[in-house]
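Please keep the sequence and the structure in view while reading.

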Amino acid sequence: MSTVTAAGDLRFHVLGPLEVLRNGTPLPLGGIKQRTALSYLLLHPNRVASTNQLVSALWDGPPPASARKMVQNAVWRLRKLLHLDEEPAAPGGICLQSRPPGYLLRVDPRAIDLYHFHELVAEGRARMRAGGAAEASPVWRQALALWRGPLLADLADGGVIWPEIKAAAATRLDVLEEYFDAELALGRHHAVLPELQMISQAEPRRERLTGQLMLSLHRSGRQSDALGIYRAHSTKLVAEFGLDPGRELQELHQAVLTDDPALRYVPSNGTIQVRPEPRTQPPTATDVAAPAPNTAGTVPSKAGSPPPTAGSAPSVIGSVPSTARPAATGRLVLEHKEVGVALINAVSPAAPDGSDMEHIDAELEALHEVVVAEADRFGGAVSGKLGSYWLIIFGARRSHDNDAMRAVLTVLAIRHRLRSQGTSPFRLRAAVDVGHALVRHGDDEADPPTVTGPALERPLALLPLVPLDEVWVSEGTREQTTNLLDYQRARTHSAMWTVKGVRRATVRGPRLPLLGRDDCLRTLTGVLDTGAAGQRVTLVVGGSGMGKSAVLEEFERVVAERDPAARPLVAHLLPCTVDDSPLCVIAEELAACCGIETWDPPGTARAKLWTTIERVAADPAEAQRLFERLLVPLGQVAHHERGAVPEDVVAAWCTLLERLAAERTVVVVIDDLHAADESVLQLIDPLVGRTGSARLKVVAAARPEVFLRRPLWRTAGGPLMTVELPRLPDTVIAELARTVLEAGGARGRSAGPVRELVETTTALADGNPMFAGELAGMALRRILQGDMAREERGETEERGETERGMLPSAVGRVLAAQLDVLPAALRTLAQDAAMLGETVRPEGVAALRRPRRETTAEVARALDELVHLGVLTTAPAGADGTPRFTFRQPLLREVAYTRLPRTQRAARHAAMAHREGRSRAPGGSLRPVAPDLLRLASVIRRLRDPAREEPASRAVPATL
């Protein structure tokens, strides 16, 4: 007996959880026995699998007496589930035959992804033998992209252990090693480094991976890290097996140790070099923009050069080449900053060679306008355009604490507008990264900013690997944006993440206890009482890190705990629209208020929606309009048939909520209102202008910047109420820090140093709960983990090394944004003041600013302006009555100081030393460090190493 089906209908996926698709649609496979039997047959296609073999595969241990009958039932159910009996027998078809002594699955191996993987691997090896790494690498990457997880992951998780599963895993690792060899041969050590680190950590016994990681680190300028990897590997081998590393790894270690020139990457003809060679002098403006001479594979700088192909990234994307750059009319600023970088490529897959270049150029110009507009919307700057590539920089001229978020949202918005047009021939792909860079820009914004650093180089190297319509981000970018964006692992690069879309905002990072905000919560919940019927809009206003999102979440939790009869309807609006994500948020809440269940058929869902709208709509015309628009988020309208954009759907949803408020109280929650689209603010404007009772409430969180966009809201009164979130008192901050430390494992440590750690954290937090949580968390990580790399090398920690990294990155971003809000002249003045250490003297600042010919009195007046802006505070005057100042937030001084390039710092220190008649600062170094930071580092050292107690009376130098 046999049952046959057409070969082209079914596809079998075993590289990951078992999956069977018919014409692209997954089929149900039933219980574990059917899945296991099918998996075994797929691993042995076109071969008879005996019933005894299937019994052994299905049961690990003695099988039951009815095992053979159960195998027969499993095969029978497979035939029914896969509908194999519905297709007539045909040549080349798939059939499941009964063949003594068991069963035979006759199938074209190309229908099974495992065998397609083996085909691609063989093709890559053939190309490697014939042409080299450039031809083999993309084929191997395509083969590795077929893997969705371990072979038959769903069965392996259930305890199935077959030799075939282990063999396939070993083969995948072999191919990964060959792929990494090819990428290293092409000079892409930066691109593969994150993935190599992850895989070598998961497979520590594969010496080839360890060697590849060492080589990648060495070529990336991290020789000490490469040597540390070898030491850790050698130590592990000796401890577990009493063996030394293999000869090849020992030779590589010796080559890294001696910095053997043979390890350096030398590009061959036709190879794109994605990282410039190290420079002995600081780069100039033209260095950043122009390619190095006589470098193979770089993009020509002269006009008329062809743009890069769609399958590769240009080697140099920065700004206009130096020969075309207009002379800067303002002061040139050079700073160390954290920036967000978005690299975008527009590809026209349908454009044949020799197609109408004028038409494509016109489409690119139209797309360029979209890119510039969206970059400006989110505070970015288009630093360069080369053909169909755009480079957008965020945080170059003005830092924000969410530049990574702005970069991702910009790319999503550009993609959304491109898709909404429907007529554009282009599809986008993009890579986004965030990191520290040397930024060069002008005060007058005449020229685009340029950046130098790995935050630019990584997107350059990764963009060719990004599939069309996808946006890849680095791990660092994901960590900074995961509170608002959903991600999944990139299928073709395990160290990268693909953006899925925007979601409702959540509290970023570890959840901290909500302390000191009881009054705010009582005010918010009081808005729902009948006595506050005229209160329509409530704004929770506070600076970055003051706990606005946490207050909203706690407010929603309190509302959810109310009696169902008195519980209001809670809805959410996303502050900005960059894709179809607002429709997903609306769909869930719309279904809830209309009583639509997930199992309702389309007709029932439409009927329930219409019933709700018809009941509350103002007139039949409004009911019809709302119905047509709100069918979209419910998935009742095909994408190509939509007549409404997401903004129209949001407006319809708000209208429905207003109508529903005639029946019950409705609360609309909006986070980050200061960053909302103008259309969202326009939805709130009518509520602010009305008076009288209403049961439609808006509770929103915003920073004070919202009043710059709506000045009248600050004094509106009446329907609008503002709830300020001030700095928390030190007692609350201390309790918060203590809670974080105790929850993280510091409870059993010495009480004295822990108490001192809480005091120091409180002093540095300056009433900001996010600062307190980040500082306590950073201290806790250092205490518990220690410096593993230094301990493995057997080195001791020098005084000062700890202090240099004591500023958590989230805190640094907030303070950098505060610094950049200042006018340019006052920002420069603050950086000069930061050079002087804890006490700022006008005469000392004037000495640093001698080229500006400013008198001490003029500098003193400018410092008074910084006091007025909250940057400085006045200190006791000197013995001669001259004013003295100090930074109100010591960490802000750290940020202002570290943003200066080393050469500028050295010049200022030299001027200070010359003025004071000395050659070096006390303590043997020139860097001023806040005493509280030194104290924090000292406490961490004592808690990490109790044997090394430092006397409390020991003097701590004010500089390093």
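## Burial and the model

A residue is called buried when its relative accessible area is under 20%, exposed when that area is over 50%, and partly exposed in between. By this definition, both tyrosine 179 and phenylalanine 180 are buried. The model examined here is a predicted one.

## Aromatic pairs

A pair of aromatic rings is described by the distance of the centres and the angle of the planes. The whole structure contains four aromatic pairs. In one of them, the ring centres of tyrosine 40 and tryptophan 162 are 5.6 Å apart and the planes stand at 85 degrees, so this pair is edge-to-face. Distant parts of the chain are linked by the pair, since 122 residues separate tyrosine 40 in helix α1 (residues 32–43) from tryptophan 162 in the loop between α6 (153–157) and α7 (163–185). Tyrosine 40 and tryptophan 162 are both buried.

Tyrosine 179 and phenylalanine 180 give another example: their ring centres are 5.7 Å apart, and their planes meet at 50 degrees, so the pair is tilted. An angle over 60 degrees would be needed for edge-to-face and one under 30 degrees for stacked.

## Salt bridges

Side chains of opposite charge can pair when their charged atoms come close. How many salt bridges does the structure hold? The number is 43.

One of these salt bridges joins the side chains of glutamate 374 and arginine 417, with an N to O distance of 3.1 Å. This pair connects distant parts of the chain, for glutamate 374 is in helix α13 and arginine 417 is in helix α14 (residues 403–421), 43 residues apart. Glutamate 374 has a relative accessible area of 5% and is therefore buried, whereas arginine 417, at 35% relative accessibility, counts as partly exposed.

Another salt bridge is formed by arginine 557 and glutamate 554, whose closest N and O atoms are 2.3 Å apart. These two residues lie three residues apart in helix α18 (residues 548–560), which means that about one helical turn separates them. Arginine 557 is partly exposed, with a relative accessible area of 38%, and glutamate 554 is partly exposed as well, with 21%. A further salt bridge brings together the side chains of lysine 608 and aspartate 600, at 2.8 Å from N to O. Here lysine 608 is partly exposed, at a relative accessible area of 25%, while aspartate 600 counts as buried at 17% relative accessibility. Salt bridges may also form a network, as they do among Asp174, Glu177, Asp181, Arg206 and Arg208.

## A negative surface patch

Which residues form a negative surface patch? The patch consists of Glu358, Asp361, Glu365 and Glu369. Aspartate 361 belongs to helix α13 (residues 357–377). Its relative accessible area is 46%, so aspartate 361 is partly exposed.

## Backbone details

Some features concern the backbone. Proline 100 and proline 101 are joined by a cis peptide bond, with omega at about 5 degrees. Proline 101 is located in the loop between β6 (94–99) and β7 (102–106).

Aspartate 259 has a phi near 55 degrees, a positive value in a residue other than glycine. Its position is in the loop between α11 (247–257) and α12 (285–289), and aspartate 259 is partly exposed, with a relative accessible area of 33%. Aspartate 672 likewise has a positive phi, about 55 degrees, although it is not a glycine. Aspartate 672 is found in the loop between β18 (666–670) and α23 (678–689), and its relative accessibility of 25% makes it partly exposed.

## A contact across the sequence

Where does leucine 933 lie? Leucine 933 is part of helix α35 (residues 931–944). Along the chain, leucine 933 and methionine 806 are 127 residues apart, yet their C-alpha atoms are separated by 7.1 Å.

Terms used. Residues numbered from 1 in each chain as written. Predicted model: local features only at pLDDT ≥ 70, side-chain atom pairs only at ≥ 80, totals over all residues. Heavy atoms only, no water. Patch = residues over 30% accessible without salt bridge, like charges linked within 9 Å, V, L, I, M, F, W, Y side chains within 5 Å. Areas by Shrake-Rupley, 256 points an atom, 1.4 Å probe, with all protein chains shown as cover. Salt bridge = Lys/Arg side-chain N within 4 Å of Asp/Glu carboxyl O. Lys, Arg positive; Asp, Glu negative; His and termini not counted. Charge placed at Lys NZ, Arg CZ, Asp CG, Glu CD. Helix = DSSP H or I, 4+ residues; strand = E, 2+ residues; numbered from the N terminus. Buried < 20%, exposed > 50% of the residue type's maximum accessible area, 1.4 Å probe, protein only. Phe/Tyr/Trp six-rings, centres within 6.5 Å; stacked < 30°, edge-to-face > 60°.
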